[in-house]
Amino acid sequence: MKMILVGPPGSGKGTQAEKISEKYQIPHISTGDIFRENIRNQTELGKKAKEIIDRGELVPDEITIDMVKQRLSEDDCKKGYLLDGFPRTIPQAEALEEIDNAEKVIDIEVPDEEIIERITGRRQAEDGKIYHVKFNPPPEDVKAIQRDDDKEDVVINRLKVYHAQTEPIIRFYKEKGIVHEIDGTKSIDEVFSSIMSVLA
Ligand code: AMP
């Protein structure tokens, strides 16, 4: 099972990816998470990526492609994987074709206005747990903070980048006939069951 999850930031890709990866026992590869881990550990890659990510722009293809190539060569990816947040540009999709062929692309669709409300209200606790100021507020004794790239002006930029650079990959995969569109405005469980019916 070699799968790609596409969708705007805040469409619930990460949440769904965790559930799918648990169900199918395949690794969940999130390029955003790998970059954030590098930033936390202050690696060379993290230093290069931080400013770009904080502006809501994309890390250059060359860096991102090398990172994914290396991750996909690890043993746990032999029986399949779930890519979350990669590819995000046409050159990345073309590079992935050279490494391996994806079998299914799940496209989670959510309108921009809903994305802005979801992301700007998102808060993360120290243990990594995600809350939302309106839909799922953190308990009073939990300190939860906003990711720098979840601030409104950055979110608007991330959406612009998504429409300009990432949406074209959906057309790229549609031509191959492997795209499944999912309504991402439903509840987490409803979105998950729509994905399960596509994968069944
Ligand atoms: P995410 O958590 O997937 O929203 O990713 C957070 C940020 O990491 C993005 O806004 C980009 O700056 C960067 N990033 C993640 N994946 C990629 C990618 N495939 N190509 C370029 N930049 C990426």
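In this predicted model, the crossing of helix 2 and helix 3 is left-handed. The crossing of helix 1 and helix 8, by contrast, is right-handed. Two packed helices are described by the angle between their axes and by the distance between those axes. The points below take each pair in turn.

**Helix 2 and helix 3**

- Helix 2 covers residues 31-40 and helix 3 covers residues 44-55; their axes lie 8 Å apart and form an angle of about 115 degrees.
- Angles of 65 to 115 degrees count as roughly perpendicular, and helix 2 and helix 3 are therefore roughly perpendicular to each other.
- Helix 2 contributes Phe35, Asn38 and Ile39 to the contact, while helix 3 contributes Leu45, Gly46, Ala49, Lys50 and Ile53.
- Sorted by class, the residues in the contact of helix 2 with helix 3 are 5 nonpolar, 2 polar and 1 charged.

**Helix 1 and helix 8**

- Helix 1, formed by residues 13-24, packs against helix 8, formed by residues 188-199, at an angle of about 50 degrees, and the two axes are 10 Å apart.
- This angle makes helix 1 oblique to helix 8.
- On the side of helix 1, the contact is made by Thr15, Gln16, Lys19, Ile20, Lys23 and Tyr24.
- On the side of helix 8, the contact is made by Ile188, Asp189, Val191, Phe192, Ile195, Met196 and Leu199.
- The contact of helix 1 with helix 8 comprises 8 nonpolar, 2 polar and 3 charged residues.

Notes:
Residues numbered from 1 in each chain as written. Predicted model: local features only at pLDDT ≥ 70, side-chain atom pairs only at ≥ 80, totals over all residues. Heavy atoms only, no water. Axes fitted to C-alpha atoms, helices over the stretch in contact; angles between N-to-C directions. Helix = DSSP H or I, 4+ residues; strand = E, 2+ residues; numbered from the N terminus. Parallel < 35°, antiparallel > 145°, perpendicular 65-115°, else oblique. Left-handed = near helix turned anticlockwise from the far one by under 90°. Contact = heavy atoms within 4.5 Å. Nonpolar A, V, L, I, M, F, W, Y, C, P; charged D, E, K, R; others polar.
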